[in-house]
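Me: I'm new to this one. Could you walk me through how to read a couple of its features?

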Amino acid sequence: MAALIAENFRFLSLFFKSKDVMIFNGLVALGTVGSEELFSVVAFNCPCSPARNYIYGLAAIGVPALALFLIGVVWNNHTWNLVAECHKRGTKNFSAAATFLLFGSIMGRAAVAPVTWSVISLLRGEAYICALSEFVRPSSLEKFPAEYGAEVLARFPCKDVPTNLTKFRDEVTRRLRYESQLFGWLLIGIVAVLVFLTKCLKHCCSPLSYRQEAYWAQYRSNENKLFRRTAEVHSRILAATNVKQFFGFVALDKEEKELVQEFPLEGVQPSPQWNAITGVYIYRENKGFPLYSRLHKWAKGVEGNGPSPEGHEMLFLAS
């Protein structure tokens, strides 16, 4: 039993390490579902007034989706790599394919939460019913009293209607909920097809084999973890050195003292080095040898950032 549990934990560990993007997108989707449910229960309150219903219903679907999309763009590291690339080097070295790939990656990751929000909103149907109830044609409702118009239809989502219109309210609600859920399922289908086609296109156009692409993903993950961990230690040692120079001593705990003794600080990195490892990077090779990141490229002494390895990256200096 213990061996089985250990094996399951090992499998889960490998799964999370190898599927981190999928897990992240899943967590974003689940968080969005929970947020949408909370919003519908606590915040959504249709005004049931002509001309206001439509604006409120569309805002309830569109505004949170827009906010989630912008948050997704801001939280994506590729966004700030692109900003740094444009600021330091411009876009003259970007090919059309590289530009499309980069923007597709940013937009695709940022679209997970807003698409999930829109789908859940449409499947619930409340916002859609609120927005469009007043636009239902009375003539489409059999034996609908002629004296009632859009003002009464706008009150259907709030169930604040005369008793003789209850069956019409149920019919309108059922019809609009059907339309809303239909659009929701269609959106799910469209997104699923787009994801499938994108994955197929990515693997068909990739210059890497499946194993090398998996290795590249592992390398990027490990490089990022080690860089962050090392940067934290380096900055702590540098801060300790500067504080000691100012006060004449520095109050360190046992762990920090061991770090200072184990890793003597030789200096700080100049700005050109930081600029060299910052920015957008799309897989390139140099004389057949892979360069997996800007840091890898800098460590090998390769110059240039153009889309053509033969024209820009033929200098390969041994590290």
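Me: At what angle do helix 3 and helix 6 pack, and how far apart are their axes?

Reply: Before that, some ground rules: this is a predicted model, where local features need pLDDT of at least 70, side-chain atom pairs count only at pLDDT 80 or more, and totals for chains, interfaces and linings use all residues. Residues are numbered from 1 along each chain as its sequence is written, and side-chain values use heavy atoms, leaving out hydrogens and water. Two packed helices are described by the angle between their axes and the distance between the axes. Here, helix 3 (residues 52-75) and helix 6 (residues 112-124) pack at about 160°, with axes 8 Å apart. Helices are DSSP runs (H or I, at least four residues), numbered from the N terminus. Axes are lines fitted to C-alpha atoms over the stretch in contact, and angles run from 0 to 180 degrees between N-to-C directions.

Me: How do the two helices run relative to each other, parallel or antiparallel?

Reply: Helix 3 and helix 6 are therefore roughly antiparallel (angles over 145 degrees count as that).

Me: Which residues make the contact?

Reply: Contact means heavy atoms within 4.5 Å. Helix 3 brings Ala60, Ile61, Pro64, Ala65, Leu68 and Phe69, while helix 6 brings Ala113, Pro114, Trp117, Ser118, Ser121 and Leu122. By class, they divide into 10 nonpolar, 2 polar and no charged (Ala, Val, Leu, Ile, Met, Phe, Trp, Tyr, Cys and Pro are nonpolar, Asp, Glu, Lys and Arg charged, the others polar).

Methods
Angles under 35 degrees count as roughly parallel, over 145 as roughly antiparallel, 65 to 115 as roughly perpendicular and the rest as oblique.
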